[in-house]
Amino acid sequence: MKGRTHIIQQRSAELFYPAAPRGFHPMRTISPHYSGHTGLLSTAYCSDTQDCRHSTAYDPNLLEDPHWPCGKHKCVLVFPSYMTTVIEYTKPSELKRDMNQTFREKFPHIRLTLSKIRSLKREIRKLAQEDCGYEVPTVAMALVYFEKLALRGKLDKQNRKLCAGACILLAAKIGSDMKRHDVKQLIDRLEERLRLNRRELLVFELTVFVALEFNLHLPDHELMPHYRRLMLTT
(Lines give C-alpha, C1' and ligand atoms only; values in the text may rest on other atoms or scores of the structure.)
Protein backbone atom coordinates (compact mmCIF):
# COMPACT_ATOMS: atom_id res chain seq x y z
CA MET A 1 0.00 0.00 0.00
CA LYS A 2 2.87 2.36 0.82
CA GLY A 3 4.50 1.66 -2.52
CA ARG A 4 1.23 2.32 -4.40
CA THR A 5 0.78 5.64 -2.57
CA HIS A 6 4.31 6.67 -3.54
CA ILE A 7 3.59 5.89 -7.21
CA ILE A 8 0.41 7.99 -7.18
CA GLN A 9 2.16 10.93 -5.52
CA GLN A 10 5.16 10.74 -7.85
CA ARG A 11 3.10 10.60 -11.02
CA SER A 12 0.73 13.28 -9.85
CA ALA A 13 3.66 15.56 -9.09
CA GLU A 14 4.79 15.08 -12.69
CA LEU A 15 1.33 15.92 -14.02
CA PHE A 16 1.64 19.73 -14.20
CA TYR A 17 4.64 21.91 -15.02
CA PRO A 18 3.58 25.53 -14.45
CA ALA A 19 7.18 26.74 -14.54
CA ALA A 20 8.33 24.64 -17.47
CA PRO A 21 10.01 26.44 -20.39
CA ARG A 22 8.02 26.93 -23.55
CA GLY A 23 8.20 23.93 -25.83
CA PHE A 24 8.65 21.42 -23.00
CA HIS A 25 6.09 18.64 -23.44
CA PRO A 26 6.08 16.07 -20.63
CA MET A 27 4.56 12.64 -21.27
CA ARG A 28 3.49 10.95 -18.06
CA THR A 29 0.89 8.50 -16.84
CA ILE A 30 -1.46 10.16 -14.35
CA SER A 31 -2.02 7.22 -12.02
CA PRO A 32 -1.73 3.44 -11.87
CA HIS A 33 -5.41 3.24 -12.84
CA TYR A 34 -4.86 4.92 -16.22
CA SER A 35 -3.44 2.96 -19.09
CA GLY A 36 -2.72 5.77 -21.54
CA HIS A 37 -0.42 8.79 -21.63
CA THR A 38 -1.86 12.26 -21.30
CA GLY A 39 0.86 14.38 -22.88
CA LEU A 40 -0.18 17.37 -20.81
CA LEU A 41 1.19 20.61 -22.16
CA SER A 42 2.24 23.70 -20.27
CA THR A 43 0.64 25.86 -22.93
CA ALA A 44 -0.78 29.29 -22.22
CA TYR A 45 -4.07 30.47 -23.64
CA CYS A 46 -5.83 33.53 -24.94
CA SER A 47 -8.82 34.55 -27.02
CA ASP A 48 -6.74 35.68 -29.97
CA THR A 49 -6.94 33.29 -32.90
CA GLN A 50 -3.60 34.45 -34.26
CA ASP A 51 -1.33 33.49 -31.35
CA CYS A 52 -3.24 31.91 -28.48
CA ARG A 53 -0.21 30.09 -27.08
CA HIS A 54 1.83 33.11 -26.02
CA SER A 55 -0.54 34.91 -23.67
CA THR A 56 -1.24 34.25 -20.00
CA ALA A 57 -4.28 36.52 -19.69
CA TYR A 58 -7.38 34.70 -18.44
CA ASP A 59 -10.68 35.66 -20.06
CA PRO A 60 -13.61 34.65 -17.81
CA ASN A 61 -16.06 35.10 -20.69
CA LEU A 62 -14.25 33.05 -23.30
CA LEU A 63 -15.91 29.66 -22.78
CA GLU A 64 -19.38 31.20 -22.34
CA ASP A 65 -19.03 33.70 -25.15
CA PRO A 66 -22.27 33.74 -27.22
CA HIS A 67 -20.16 34.66 -30.23
CA TRP A 68 -18.80 31.12 -30.29
CA PRO A 69 -19.87 30.16 -33.78
CA CYS A 70 -21.69 27.06 -34.86
CA GLY A 71 -20.15 27.37 -38.28
CA LYS A 72 -22.50 28.46 -40.99
CA HIS A 73 -25.55 27.76 -38.81
CA LYS A 74 -25.26 30.60 -36.31
CA CYS A 75 -25.20 34.38 -36.51
CA VAL A 76 -24.88 36.60 -33.40
CA LEU A 77 -26.23 40.14 -33.73
CA VAL A 78 -25.03 42.62 -31.10
CA PHE A 79 -26.92 45.90 -30.64
CA PRO A 80 -26.30 48.74 -28.14
CA SER A 81 -28.98 47.55 -25.72
CA TYR A 82 -29.43 43.87 -26.48
CA MET A 83 -28.01 40.87 -28.28
CA THR A 84 -29.75 38.19 -30.30
CA THR A 85 -28.74 34.96 -32.03
CA VAL A 86 -30.15 33.66 -35.30
CA ILE A 87 -29.66 29.96 -36.02
CA GLU A 88 -31.01 28.30 -39.09
CA TYR A 89 -32.82 25.04 -38.51
CA THR A 90 -30.50 22.09 -38.20
CA LYS A 91 -30.11 19.02 -36.04
CA PRO A 92 -28.80 19.73 -32.49
CA SER A 93 -26.18 17.02 -32.93
CA GLU A 94 -24.85 18.78 -36.04
CA LEU A 95 -24.70 22.13 -34.24
CA LYS A 96 -22.81 20.55 -31.36
CA ARG A 97 -20.35 18.82 -33.68
CA ASP A 98 -19.76 22.02 -35.64
CA MET A 99 -19.16 24.08 -32.48
CA ASN A 100 -16.70 21.55 -31.08
CA GLN A 101 -14.83 21.39 -34.36
CA THR A 102 -14.49 25.17 -34.50
CA PHE A 103 -13.27 25.22 -30.89
CA ARG A 104 -10.73 22.48 -31.58
CA GLU A 105 -9.33 24.36 -34.56
CA LYS A 106 -8.91 27.54 -32.54
CA PHE A 107 -7.45 25.86 -29.44
CA PRO A 108 -5.67 22.68 -30.58
CA HIS A 109 -3.85 22.32 -27.24
CA ILE A 110 -7.15 21.80 -25.36
CA ARG A 111 -7.98 18.12 -25.39
CA LEU A 112 -11.60 18.34 -24.21
CA THR A 113 -14.40 19.55 -26.44
CA LEU A 114 -16.19 22.80 -25.61
CA SER A 115 -19.44 20.94 -24.97
CA LYS A 116 -17.68 18.59 -22.52
CA ILE A 117 -16.08 21.51 -20.66
CA ARG A 118 -19.45 23.22 -20.35
CA SER A 119 -21.04 19.97 -19.17
CA LEU A 120 -18.39 19.59 -16.46
CA LYS A 121 -18.96 23.18 -15.37
CA ARG A 122 -22.67 22.47 -14.97
CA GLU A 123 -21.77 19.42 -12.90
CA ILE A 124 -19.48 21.52 -10.69
CA ARG A 125 -22.24 24.08 -10.20
CA LYS A 126 -24.85 21.45 -9.33
CA LEU A 127 -22.58 19.64 -6.90
CA ALA A 128 -21.13 22.71 -5.18
CA GLN A 129 -24.23 24.91 -5.09
CA GLU A 130 -27.24 22.62 -5.04
CA ASP A 131 -25.90 19.50 -3.33
CA CYS A 132 -23.33 21.05 -0.96
CA GLY A 133 -25.05 24.40 -0.45
CA TYR A 134 -22.02 26.62 -0.96
CA GLU A 135 -22.56 30.31 -1.63
CA VAL A 136 -22.32 31.74 -5.13
CA PRO A 137 -18.84 33.33 -4.72
CA THR A 138 -17.39 29.95 -3.69
CA VAL A 139 -18.97 28.23 -6.70
CA ALA A 140 -17.65 30.98 -8.97
CA MET A 141 -14.13 30.42 -7.60
CA ALA A 142 -14.33 26.69 -8.40
CA LEU A 143 -15.42 27.51 -11.96
CA VAL A 144 -12.52 29.93 -12.45
CA TYR A 145 -10.02 27.34 -11.23
CA PHE A 146 -11.50 24.73 -13.56
CA GLU A 147 -11.54 27.03 -16.59
CA LYS A 148 -7.92 28.01 -16.04
CA LEU A 149 -6.91 24.35 -16.03
CA ALA A 150 -8.98 23.70 -19.16
CA LEU A 151 -7.62 26.69 -21.08
CA ARG A 152 -4.06 25.77 -20.19
CA GLY A 153 -4.55 22.33 -21.70
CA LYS A 154 -4.29 20.51 -18.37
CA LEU A 155 -7.51 18.50 -18.64
CA ASP A 156 -8.22 15.29 -20.51
CA LYS A 157 -10.73 12.45 -20.37
CA GLN A 158 -8.80 10.64 -17.63
CA ASN A 159 -8.26 13.45 -15.13
CA ARG A 160 -11.27 15.71 -15.70
CA LYS A 161 -13.33 14.45 -12.73
CA LEU A 162 -10.34 14.54 -10.38
CA CYS A 163 -9.56 18.10 -11.41
CA ALA A 164 -13.21 19.13 -11.00
CA GLY A 165 -13.32 17.64 -7.52
CA ALA A 166 -10.03 19.28 -6.56
CA CYS A 167 -11.30 22.68 -7.77
CA ILE A 168 -14.42 22.38 -5.61
CA LEU A 169 -12.35 21.31 -2.61
CA LEU A 170 -9.90 24.21 -2.97
CA ALA A 171 -12.66 26.76 -3.51
CA ALA A 172 -14.57 25.51 -0.46
CA LYS A 173 -11.48 25.82 1.74
CA ILE A 174 -10.71 29.33 0.49
CA GLY A 175 -14.27 30.66 0.20
CA SER A 176 -15.93 29.28 3.34
CA ASP A 177 -15.10 28.70 6.98
CA MET A 178 -14.63 24.94 7.00
CA LYS A 179 -13.86 22.81 10.02
CA ARG A 180 -12.14 19.46 9.85
CA HIS A 181 -15.46 17.64 9.96
CA ASP A 182 -16.79 19.79 7.09
CA VAL A 183 -13.79 18.93 4.94
CA LYS A 184 -14.31 15.22 5.57
CA GLN A 185 -17.99 15.48 4.62
CA LEU A 186 -17.13 17.31 1.39
CA ILE A 187 -14.51 14.72 0.44
CA ASP A 188 -17.04 11.94 1.11
CA ARG A 189 -19.56 13.67 -1.13
CA LEU A 190 -17.07 14.30 -3.93
CA GLU A 191 -15.95 10.70 -3.74
CA GLU A 192 -19.53 9.49 -4.01
CA ARG A 193 -20.93 11.90 -6.61
CA LEU A 194 -17.93 12.05 -8.93
CA ARG A 195 -16.96 8.41 -8.33
CA LEU A 196 -13.41 9.28 -7.36
CA ASN A 197 -10.70 7.52 -5.43
CA ARG A 198 -10.23 9.41 -2.16
CA ARG A 199 -6.44 9.09 -2.16
CA GLU A 200 -6.10 10.32 -5.73
CA LEU A 201 -8.45 13.24 -5.02
CA LEU A 202 -6.29 14.39 -2.12
CA VAL A 203 -3.14 14.09 -4.23
CA PHE A 204 -4.78 16.03 -7.07
CA GLU A 205 -5.75 18.81 -4.66
CA LEU A 206 -2.05 19.63 -4.29
CA THR A 207 -1.43 19.00 -7.99
CA VAL A 208 -4.11 21.51 -9.02
CA PHE A 209 -2.83 23.97 -6.42
CA VAL A 210 0.59 23.82 -8.08
CA ALA A 211 -0.92 24.06 -11.58
CA LEU A 212 -2.71 27.25 -10.54
CA GLU A 213 0.66 28.57 -9.41
CA PHE A 214 -0.55 28.78 -5.78
CA ASN A 215 -2.81 31.66 -6.77
CA LEU A 216 -6.21 30.89 -5.27
CA HIS A 217 -7.25 34.43 -4.33
CA LEU A 218 -8.91 35.82 -7.45
CA PRO A 219 -9.29 39.43 -8.62
CA ASP A 220 -12.78 40.78 -9.14
CA HIS A 221 -12.47 40.94 -12.93
CA GLU A 222 -11.95 37.16 -13.05
CA LEU A 223 -14.62 36.27 -10.50
CA MET A 224 -17.50 38.67 -11.19
CA PRO A 225 -18.54 37.42 -14.68
CA HIS A 226 -19.06 33.93 -13.25
CA TYR A 227 -20.84 35.38 -10.22
CA ARG A 228 -23.28 37.31 -12.42
CA ARG A 229 -24.05 34.27 -14.58
CA LEU A 230 -24.65 32.13 -11.51
CA MET A 231 -26.97 34.75 -10.02
CA LEU A 232 -29.01 34.82 -13.23
CA THR A 233 -29.53 31.05 -13.08
CA THR A 234 -30.18 30.83 -9.34
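**Helix packing around α5**

The axes of α5 and helix α6 (residues 180-193) approach within 11 Å and cross at roughly 160°, where helices (H or I, at least four residues) and strands (E, at least two) are DSSP runs numbered from the N terminus, and axes are lines fitted to C-alpha atoms, for helices over the stretch in contact, with angles running from 0 to 180 degrees between N-to-C directions. This angle makes α5 roughly antiparallel to α6; angles under 35 degrees count as roughly parallel, over 145 as roughly antiparallel, 65 to 115 as roughly perpendicular and the rest as oblique. The crossing of α5 and α6 is right-handed, a crossing being left-handed if the near helix is turned anticlockwise from the far one by less than a right angle, and right-handed if clockwise. On the α5 side the contact (heavy atoms within 4.5 Å) involves G165, I168, L169, A172 and K173, and on the α6 side V183, L186, I187 and L190. By class, the residues of the contact of α5 with α6 comprise seven nonpolar, one polar and one charged, with Ala, Val, Leu, Ile, Met, Phe, Trp, Tyr, Cys and Pro taken as nonpolar, Asp, Glu, Lys and Arg as charged, and the others, Gly among them, as polar.

A word on the model itself: it is predicted, so local features need pLDDT of at least 70 and side-chain atom pairs count only at pLDDT 80 or more, while totals for chains, interfaces and linings use all residues. Residues are numbered from 1 along each chain as its sequence is written, and side-chain values use heavy atoms, with hydrogens and water left out.

Overall, the secondary structure of the protein consists of eight helices and two strands, and their order along the sequence is α-β-β-α-α-α-α-α-α-α. Of the 234 residues in the protein, 45% are buried, where buried means under 20% relative accessible area, exposed over 50%, and partly exposed in between (1.4 Å probe, protein chains only). Contacts between residues at least 6 apart in sequence were also examined, and 66% of them join residues at least 24 apart.

The axes of helix α4 (residues 136-151) and helix α5 (residues 160-175) come within 8 Å, with a crossing angle of roughly 140°. That angle makes α4 oblique to α5, and the crossing of α4 and α5 is right-handed. From α4, the residues T138, M141, A142, Y145, F146 and L149 meet R160, C163, A164, C167, I168, L170, A171, A172, I174 and G175 of α5. The residues of this contact of α4 with α5 fall into 13 nonpolar, two polar and one charged.

Two cysteines of α5, C163 and C167, take part in that contact. C163 is in no disulfide, and its nearest cysteine sulfur, that of C167, is 6.5 Å away. Seen from C167, the closest cysteine sulfur is the one in C163, and 6.5 Å is too far for a bond. C163 counts as buried because its relative accessibility is 0%, and C167 is likewise buried, with a relative accessible area of 0%.

Helix α3 also packs against α5. The axes of α3 and α5 come within 11 Å and cross at roughly 40°, and the two helices are therefore oblique to each other. α3 passes α5 in a right-handed crossing. Here K116, L120, E123, I124, L127 and A128 of α3 meet R160, K161, A164 and I168 of α5. The contact of α3 with α5 has six nonpolar, no polar and four charged residues.

E123 and K161 are 38 residues apart in sequence, yet 9.8 Å apart in space, C-alpha to C-alpha. Setting aside neighbours within four places in sequence, E123 is in contact with K161 and L194.

Two further residues complete the picture. N100 sits in helix α2 (residues 92-106) and counts as buried because its relative accessibility is 8%. Beyond its neighbours within four places in sequence, N100 is in contact with T113, L114 and S115. M224 lies in helix α8 (residues 220-233) and, at 29% relative accessibility, counts as partly exposed. M224 and P137 are 87 residues apart in sequence and 8.5 Å apart in space, C-alpha to C-alpha.

Methods:
A disulfide is a pair of cysteine sulfur atoms within 2.5 Å.
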